[in-house]
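My notes follow in the order I took them.

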Amino acid sequence: MLNKNFWIVIITTFVLITATFFIFNKKPTQQNEIVFWTLQMSDFSSYINEVIKEFETQNPNIKIKWIDVPFSEGEKRTLASVLSDTPPDLVNLNPDFSATLAHKGALQEIPIEKTLQFNQEIINALKINGKFYSIPWYATSAITIYNKKILKQAGIKVPKTYTQVANSANTVKSKTESFIFLPNITENDTMLKILNKYGVATAEKINSKKSQEIFELFKNLYTNNLIPKETITTTLQESLEKYMSGNVMLITAGANFLNMIKENAPSTYTETDVAPQIVGDLEQHDFSLMNFVIPLKAKHKNEALEFALFITNEENQLKLAKLTNILAVNQNTLKNEFYTNYQETDLISKARVISAKQLNKIQPTYQTQKNQKDINNIINIAVQEILLNKNHTNEILEKTAKDWQSIKE
């Protein structure tokens, strides 16, 4: 009996010691820390922190370290980081700079099967040499914001094309003493996007007959004082100020500008309505986009991609959309009544629905190219020289074509 009790005590003690050893020496679950950069999104920190918390709950082996970078420092800091051995795992960038990094071989390729949840028009626009290097996050698509009072005084309908704008410009000026619009055609790639609406988007086509017609359209408006002289240097912000003061009938801008008009020029806002974006021969719409990229040297590429797909899923896209004036890029979110229904008296909702619908016809989109900023500069110089009648339009565009071609080479 003693022997039996003795062995029971020995075995029990061994089990307890072994269990205690494993309890106190158990290694904690290893977490992969994903470094996540955004561009000036601190105003939406509650939303982003909520998304991060939910993702971490569903993925206990992943920790998200969120860093919000000032917009003005985004490109500089990103370039420095991707050239180092310790870049962030997921970075929020614009497509132009994303394309620049992709051309430099600094980004991880995104498998095509990971893009199925998104609006396919946008996805196709992100192709670079047939491959994907980014995940879309949110978009905007400019609309026509116009003054109903000036429109009525002029006795015209809202122009749908640039040709209609040109044909109505003199009527608006003579009957209302206002300009029909103030295009910011030398700001960034604005003129290239207009040209793209006519199928003119390459160095080979910039001196085509169609291209000359478009430049001549703006030249005639400018020469005949039917658009303001500051057209050759103005920004979208300056165009907005002219609109708010009642000096121009319409502007092409994002729906978010409606809030600025409402706050800064309430009397103009009461006369404001919205319509689809002005188009060209191809009748497609341009848009702007913010996306996510994964640096090639990132340590946790798979986890970063999973988080990017999580923050852009149907539910999280809708939450962000309701906090902002952005357009979702998730195709199921875009089917939500938030993007399909509006009351006629709710101008901001109306603008949102029009903008969202435009994402269904954005092809052929202008493809960001290598040395895009240099190309923008070449085109914008051509605009200024043509409007100021520095030389014959075809001769200026001939030189523009050569300069553009030299950048490609």
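I started with Glu-73, which has a relative accessible area of 30% and is partly exposed. My terms here are buried for under 20% relative accessible area, exposed for over 50% and partly exposed in between, with a 1.4 Å probe and protein chains only. I then looked at Arg-77, whose side chain meets that of Glu-73 in a salt bridge, N to O 3.5 Å. Arg-77 also counts as partly exposed, at 30% relative accessibility. For a salt bridge I required a side-chain nitrogen of Lys or Arg within 4 Å of a carboxyl oxygen of Asp or Glu.

Basis of the values: this is a predicted model, where local features need pLDDT of at least 70 and side-chain atom pairs count only at pLDDT 80 or more, while totals for chains, interfaces and linings use all residues. Residues are numbered from 1 along each chain as its sequence is written, and side-chain values use heavy atoms, with hydrogens and water left out.

Salt bridges, continued. By this rule I get a count of 16 salt bridges. I looked up two that lie within helices; helices (H or I, at least four residues) and strands (E, at least two) are DSSP runs, numbered from the N terminus.

Asp-403 and Lys-399 form a salt bridge at 2.8 Å, N to O. These two are four residues apart in helix H17 (residues 393–408), and therefore separated by about one helical turn. Lys-399 is exposed, with a relative accessible area of 52%, whereas Asp-403 is partly exposed at 27%.

Glu-315 forms a salt bridge with Lys-319, and the closest N and O atoms are 3.4 Å apart. Here too the residues are four apart, in helix H14 (residues 314–323), and about one helical turn separates them. Glu-315 is partly exposed at 45% relative accessibility, and Lys-319 is partly exposed at 27%.

Next, sheets. I counted two strands as paired if DSSP finds at least two bridges between them.

I then went through S4. Strand S4 covers residues 135–140 and is mostly covered, with five of its six residues buried. S4 pairs with strand S9 (residues 288–293) in the antiparallel sense, over five bridges. Tyr-138 stands opposite Met-290 in S9, and Ala-139 stands opposite Leu-289.

A further open sheet has four strands in the order S6-S7-S5-S8, again with mixed pairing. Its edge strands are S6 (179–181) and S8 (272–275), each pairing on one side only. Neighbouring strands here are turned by 20° against each other on average, direction ignored. Strand S5 (residues 143–147) runs antiparallel to S8, and four bridges join them. I noted one partner pair: Ile-145 is bridged to Val-274 in S8.

For burial in a helix I took H13 (residues 301–311). Eight of its eleven residues are buried; among them are Glu-303, Phe-307 and Phe-310.

A cavity is a set of points on a 1 Å grid over the protein atoms alone where a 1.4 Å probe fits but cannot get out, and lining residues have an atom within 4 Å of a point. Grid points are joined across faces, edges and corners, and the volume is the space filled by probe spheres set on the points. The largest cavity holds about 30 Å³. I listed its lining as Trp-37, Thr-38, Leu-39, Val-69, Gly-74, Thr-78, Val-91 and Asn-92. Strand S1 (32–39), helix H3 (74–82) and strand S3 (90–93) each give two or more residues to that lining, and S1 has the largest share with three. By class the lining has four nonpolar, four polar and no charged residues. Ala, Val, Leu, Ile, Met, Phe, Trp, Tyr, Cys and Pro count as nonpolar, Asp, Glu, Lys and Arg as charged, and the others, Gly among them, as polar.

Conventions:
Axes fitted to C-alpha atoms, helices over the stretch in contact; angles between N-to-C directions. 1 Å grid on protein atoms, 1.4 Å probe; cavity = no way out; pocket = protein on both sides within 12 Å on 5 of 7 lines; lining within 4 Å.
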